[in-house]
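Work through the exercises below with the sequence and the structure at hand. Each task is followed by its solution in steps.

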Amino acid sequence: MKLPDILDPIADDLRRVDTTIRERLRSEVAMINEIGAHIVSAGGKRLRPALVLLSARALGCTSEEPVLHAATIEFIHTATLLHDDVVDESGLRRGMKTANAVWGNAGAVLAGDFVYSRSFQMMVDSGRMEVMRVMADTTNAIAEGEVLQLLNCGDPDVDETRYLRVIELKTARLFEGGCRLGAIAADAPAVRQDALARYGHHLGIAFQIVDDLLDYTADPAVSGKNLGADLAEGKPTLPLIQAMRAGDAGQSELIRQAIRDGRIDRLDEVLKAVESTGAIPYTRALAERHSRDAAQALSEIPDSPYRNALLELARFNLTRAA
């Protein structure tokens with residue numbers, strides 16, 4: 001099943017989210033408007049706002065409040081991407097030039113600050129202190145995860161535990177926060193808020209693991225990302241960690257040097273090592289485990305087309321090509 005088909009139950013909501021994003025990105029500053037238009041045209045899966053909407057609708061919420069929360073989540077995600085691209089010195093995202101490649105690092109960082117601060121204005125508009133608390137904790141965790149990832153870059157001694165801690169903070173917490181915001185909008189009891197938060201947490205981990213796996217298995221024409229892009233940045237992701245652990249001394253040393261130097265001149269050899277050591281099925285198996293855990297968390301949620309869509313998202317993540 002394709003993503004638009006999975007998200008069909010909230011198609012109208014997602015259109016309202018896009019309208020809200022365009023309205024809230026407006027500024028008196030021309031460059032911010034230009035970067036805002038660039039961000040919107042870049043598209044993206046809108047997966048994080050979809051989680052807010054599906055969580056709220058699955059618990060019976062019929063108001064417009066989840067639309068505001070969904071746009072807020074997407075703003076936070078966008079701000080982190082703007083800053084990430086500067087830190088990683090990325091020139092392309094989803095096959096398009098990044099904001100920093102077009103407007104420079106300073107413009108991209110400051111536009112990211114604008115989007116980030118605008119998200120907090122939107123949280124205030126919700127009138128719910130609980131929303132502010134959840135998102136304050138979430139954004140703080142994301143920042144910690146980004147710093148930990150920076151510290152891990154170029155370090156071939158990063159193990160699976162350190163790797164997972166980064167993606168829990170950097171990716172899973174925003175998925176978790178989005179699901180919880182949807183439950184809050186539905187005025188759901190704590191047990192259902194916690195269930196959806198667990199779903200988001202495990203889905204977020206699975207999502208990032210699959211992203212990291214695609215860096216070594218994807219078709220660049222489909223993914224919009226060059227193979228070995230993470231390696232070029234010295235990121236010790238799970239396929240490399242497992243390949244070093246399971247490979248022979250020569251393979252391990254090859255990958256260690258590649259991580260230390262951020263070199264991809266021997267990418268073909270690294271790809272062969274990742275494949276021959278079983279690192280790809282090992283990584284995929286961990287993503288599958290977290291996807292199962294995500295699905296299990298939904299046992300607390302009543303049956304509906306929205307709950308079914310959440311289940312399908314967990315399955316879709318494991319088969320996506322980008």
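**Exercise 1.** Decide whether Asp-187 is buried or exposed.

Solution. Step 1: buried means under 20% relative accessible area, exposed means over 50%, and partly exposed lies in between (1.4 Å probe, protein chains only). Step 2: the relative accessible area of Asp-187 is 57%, so Asp-187 is exposed. Step 3: Asp-187 lies in the loop between α8 and α9, and its phi is positive, about 55°, although Asp-187 is not a glycine. Helices such as these are DSSP runs (H or I, at least four residues), numbered from the N terminus.

The model is predicted: local features need pLDDT of at least 70, side-chain atom pairs count only at pLDDT 80 or more, and totals for chains, interfaces and linings use all residues. Residues are numbered from 1 along each chain as its sequence is written, and side-chain values use heavy atoms, with hydrogens and water left out.

**Exercise 2.** Decide whether Arg-46 is buried or exposed, and find what it touches.

Solution. Step 1: Arg-46 has 14% relative accessibility and therefore counts as buried. Step 2: Arg-46 is found in the loop between α3 (30–42) and α4. Step 3: its phi is positive at about 55°, although Arg-46 is not a glycine. Step 4: contact means heavy atoms within 4.5 Å. Leaving aside neighbours within four places in sequence, Arg-46 is in contact with Leu-14, Asp-18, Ile-21 and Glu-74. Step 5: from C-alpha to C-alpha, Arg-46 and Leu-7 are 9.9 Å apart in space, and they are 39 residues apart in sequence.

**Exercise 3.** Describe how α4 packs against α8.

Solution. Step 1: two packed helices are described by the angle between their axes and the distance between the axes. Step 2: the axes of α4 (residues 47–58) and α8 (residues 160–185) come within 7 Å and cross at roughly 30°. Step 3: α4 and α8 are therefore roughly parallel to each other (angles under 35 degrees count as such). Step 4: residues of α4 in the contact include Leu-47, Leu-51 and Val-52, and those of α8 include Leu-174, Phe-175 and Cys-179. Step 5: the residues of this contact divide into eight nonpolar, three polar and one charged (Ala, Val, Leu, Ile, Met, Phe, Trp, Tyr, Cys and Pro count as nonpolar, Asp, Glu, Lys and Arg as charged, and the others, Gly among them, as polar).

**Exercise 4.** Which elements cover the buried residues of α16?

Solution. Step 1: the buried residues of α16 include Arg-307, Leu-310 and Phe-316. Step 2: among the elements that cover the buried residues are α1 (3–6), α4, α9 (190–217) and α15 (279–297).

Technical notes
Axes fitted to C-alpha atoms, helices over the stretch in contact; angles between N-to-C directions. Helix = DSSP H or I, 4+ residues; strand = E, 2+ residues; numbered from the N terminus. Parallel < 35°, antiparallel > 145°, perpendicular 65-115°, else oblique.
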